[in-house]
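Subject: A structure for you to explore

Hello,

Here is the structure I promised to pass on to you. Please open it beside this email and follow along as you read.

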Amino acid sequence: MSEINFDPVTLTQSLVKCASVTPKDEGALTVVENHLSAIGCDCHPLTFSGNNSYEVKNLFATIGNEGKHFAYAGHTDVVPVGNESSWKYPPFLAKIDEGKLYGRGSEDMKSSVACFISAAKRFVDKYKNIPGKISFIITGDEERDSVNGTPRILEWASKQNYKFDHCLVGEPTSKNEVGDKVKIGRRGSVSFFFQVKGIQGHTANSHLAENSSHHLVNLLNSILEESLDEGNENFLPTSVQIATIDIGNPVQNVIPELARATVNIRFNDMHSSDSLIKWIDNKIEKIFSKLENASCTYTYDATAESFLNKAGDLYNIISKSISDVTGRNSPPEQATDGGTSDARYIKNYCEVVELGLRNQTLHKVDEFVFVEDIIKLENIYFRILENYFDVN
Ligand SMILES: [Zn+2]
């Protein structure tokens, strides 16, 4: 068992040393639980399985009294390291070199988890009987299916009658300096997996065949020909991206019967996965209803709807806390870009804002975080708690 040490940099190192590639835990949640127990939190390790996904370890922990209920949400799982020999230092060594802490998960997002634990420890030590509740929603699966992670913890907490007023998600949101950018919403994501079927034949006898790939190209063209929107004050334009085109034909003298493609759409709040499915259905209808010998079928995977929290109480408290700590006088940018996060589940329960480290190296080889940024983030989180509970 690793020692209890609330220094946010040391605690980040303890977490990075656990090779918790989803859905492995490798002791990461035990490090979190041991520290939160030492603060005085009630800890509830929650292992969930089923729903066509693998088993996942999670942790819900809470401390405090009647009053406002503040939740922090984060994850201890990390993405795979990729080609380990390309790394400057072994990815789970947590090596500090010239002010940088290297390791898979250092930026995304073990530093943030460590910072919030340290901040909570300092806060509880300083103010003893805190006028409200602080809870931790920590999952071992944000990076992959996210099925037996945060959504299940939230359901469990709701059954236990825990009601959150506000939630801070610690994903790395900052840009040039810690605190210059937060996220108040996210785009949605839906993927389409197309299969066009024609008639196989000799390329010399095209009149006896029907080339599936030509019709697939037509369909992809019609999907790309007009942009869906130009974005709005809160969101970037919806982005349509062809992720794969697969024909898999090993020779040049056969007209392929089947052609497949994957299209991923990252959409803003002017669309929903339902409206995009209708849009796709229309495109298919226009091209294929005229064709006798070719048809198109598809499946889809709607992983997230877009959402937007109008800047409210929590945003204002976060903005003030950032300026208290860093001296910044312009409020943080309210962004909605990037991939999905577990905020998409939490938004159904309370106002949620995401604030974390600079988004620089996550998921890359040589992922690292600046040691000074860890210290700054811990100070901001501590100040958020002071301002939130109005004790300063
Ligand atoms: Zn993350």
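Before we look at any residue, one term: two residues are in contact when heavy atoms of theirs lie within 4.5 Å. Please also keep in mind that this is a predicted model.

**The two domains**

Let's begin with the whole chain. The domain assignment gives domain 1 as residues 8-186 + 306-388, and domain 2 as residues 188-304. Their C-alpha centres are 38 Å apart. How many residues of each domain are in contact with the other? Ten residues of domain 1 are in contact with 13 residues of domain 2.

**The sheet with S12, S14, S10 and S15**

Now find the open sheet whose four strands come in the order S12-S14-S10-S15, with antiparallel pairing. Its edge strands are S12 (239-246) and S15 (295-304), each of which pairs on one side only. On average, neighbouring strands here are turned by 20° against each other, direction ignored.

Strand S10 (residues 188-197) is joined to S15 by nine bridges, and the two run antiparallel.

Helix H5 (residues 212-224) lies across S10, S12, S14 (258-267) and S15, and runs at about 15° to S14. Helix H6 (residues 273-288) lies across S10, S14 and S15, and runs at about 170° to S15.

Next, please find strand S7 (residues 166-169). Are its faces covered or open? Both faces are covered: His166 and Leu168 are buried on one side, and Cys167 and Val169 are buried on the other. As a general rule, side chains in a regular strand alternate between the two faces of the sheet.

S7 is joined to S3 by four bridges, and these strands run parallel. Here tyrosine 72 stands opposite leucine 168 of S7. Four bridges also join S7 to strand S18 (residues 351-354), again running parallel. In that pairing, cysteine 167 has valine 352 in S18 as its bridge partner.

**The nonpolar cores**

Which residues have the most contacts inside the largest nonpolar core? They are Phe136 and Tyr381, in a core of 58 residues. Several elements supply at least two residues each, including helix H1 (8-16), strand S3 (68-75), strand S6 (132-139) and helix H9 (371-388). The largest share, eleven residues, comes from H3.

Leaving out residues up to four places away in sequence, tyrosine 381 touches Tyr72, Ser112, Cys115, Phe116, Ala119, Leu168, Gly170, Leu355 and Gly356.

**Serine 341**

I have kept one residue for last. Serine 341 sits in the loop between strand S17 (333-335) and helix H8 (343-346). Why does serine 341 count as buried? Its relative accessibility is 0%, so serine 341 counts as buried, the cut-off being under 20%.

Which residues is serine 341 in contact with, leaving aside neighbours within four places in sequence? They are Glu142, Glu171, Arg186 and Glu354. With glutamate 354, the side chain of serine 341 also makes a polar contact of 3.1 Å, side chain to side chain.

Enjoy looking around, and write back with any questions.

Best wishes

Key: Residues are numbered from 1 along each chain as its sequence is written. This is a predicted model: local features need pLDDT of at least 70, side-chain atom pairs count only at pLDDT 80 or more; totals for chains, interfaces and linings use all residues. Side-chain values use heavy atoms; hydrogens and water are left out. Buried means under 20% relative accessible area, exposed over 50%, partly exposed in between (1.4 Å probe, protein chains only). A polar contact is a pair of N or O atoms within 3.5 Å; within protein, one must be able to donate a hydrogen and the other to accept it, and residues adjacent in sequence count only if both atoms are side-chain atoms. Two strands pair if DSSP finds at least two bridges between them. Axes are lines fitted to C-alpha atoms, for helices over the stretch in contact, and angles run from 0 to 180 degrees between N-to-C directions. A nonpolar core is a set of buried Ala, Val, Leu, Ile, Met, Phe, Trp, Tyr and Cys residues joined through side-chain atoms within 4.5 Å. Domain bounds come from an automatic or database domain assignment.
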